[in-house]
Amino acid sequence: MARAKIKKKDTFIDMTAMSDVTVLLLTFFMLTSTFVKKEPVMVSTPASVSEIKIPETDILQILVDPDGKIFMSLDKQQDMRAVLEAVGNDYGIAFTPTEIHKFSLAPTFGVAIGKMKQFLALPSDKQDEILKNEGIPCDSVDNQFKVWVRHAREANRDLRIAIKADQTTPYSVIKQVMSSLQDLRENRYNLITNLKEIED
Amino acid sequence: MAEVQQGANEKRGKSKQKKMNVRVDFTPMVDMNMLLITFFMLCTTMSKPQTMEISMPAKEDLTDDQKSKVKASEAITLLLAGDDRIFYYEGQPNYEDYTSLKQSSYNADGLRAMLLKRNAAAVNEVRRLKQDKIDLKISEEEYKEKLSDIKGGKNTPTVIIKATDDASYKNLIDALDEMQICNIGKYVITDITEGDEFLIKNFDAKGTLVSDAAAQQ
């Protein structure tokens, strides 16, 4: 007796095309991506109609959070090293090569120079936790912010200063930052904003 | 014909070896790629942040002489107060009359309308210039040169931005934004004076501060 043979269906799907697509997408993302820098505080910048793009290199970013804490970041590791040494010199603190190396790897810094040694000794996850509550002092009594900016400028002549502040930051804080920069004759700087359309 | 057929038959007979299956299963590869894509998608910032370039006057250069150089008729002083309020006065402030200080808003019909009206000549010129650029009558460099000429030209208002400590950073950016929208080339951010703070307080009190002061004397 002839049994009706059920033809075994082939479930094999050809994934070659799919693979092609994914590789293409992957290449696209790899080439266009610029990684998000880890920032100690979340900052939402105000919107403006200005369409000037910020350059990618030689940037000294000053991050100001709503409470007025100030953080800074430099994009080149060699600048970071030079700045830490110079600022340490000013305050009579000598940093060991390992400390300097650790500092140069950090994406953002913002600790009072007196606490810097202690801070650098911590493991990096602890550092992130603590950094949120720190910030570079920038008041008339102890304006370390000014010292940092001055040495950053010395380390790299072509540096552009960019201020990234939260939209709810009170003006008094911004004024403090701006007048500190003015004292250093840093009269041209960028304010980082979001893009917004002009509504007519 | 026959020959060919024979040849074909021969071939069929010969290839007894098992045909190798050359199909490769790409599924794991796709899986891995998807994972990598997800990773890159989450870690990238697509839009680069915009910036606004400003240049502040150097502190030492601003002597009292230069400060008063701005003609009173061309000066508009913006006072940014807390709670998103904005006031302005034209020329010299009149401390006696609280209505000389006008309240405005950050909306399109507030500050912008006022500034566009004051700067109408320049705005129209810029508009014409932009049209020329779109029609490819002038080059990019020419456009930039002419634009800065118009912005720095005579009879354009000079805006002095003074923010109180209660104002937020957003207010400042909004005010600077209006300068750009209204094509105002001459503007400056300076510290607020006591007189200006008094003006705002007097405005809030509907002028009673002045009459009180007069009564005391």
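Modeller: Domain bounds here come from an automatic or database domain assignment. This is a predicted model, in which local features need pLDDT of at least 70 and side-chain atom pairs count only at pLDDT 80 or more, while totals for chains, interfaces and linings use all residues. Residues are numbered from 1 along each chain as its sequence is written, and chains are lettered from A and ligands numbered from 1 in the order in which they are written.

Colleague: What distance separates the centres of domain 1 of chain B and domain 2 of chain B?

Modeller: In chain B, domain 1 covers 69-117 + 157-210 and domain 2 covers 120-155. Taken over C-alpha atoms, their centres are separated by 27 Å.

Colleague: How many residues of domain 2 of chain B are in contact with domain 1 of chain B?

Modeller: Two residues are in contact if their C-beta atoms, placed from the backbone, lie within 7 Å. On the side of domain 1 of chain B, six residues take part, and in domain 2 of chain B the number is seven.

Colleague: What does the C-alpha trace of chain A span along its principal axes?

Modeller: For the C-alpha trace of chain A, the principal axes give spans of about 105 × 55 × 30 Å.
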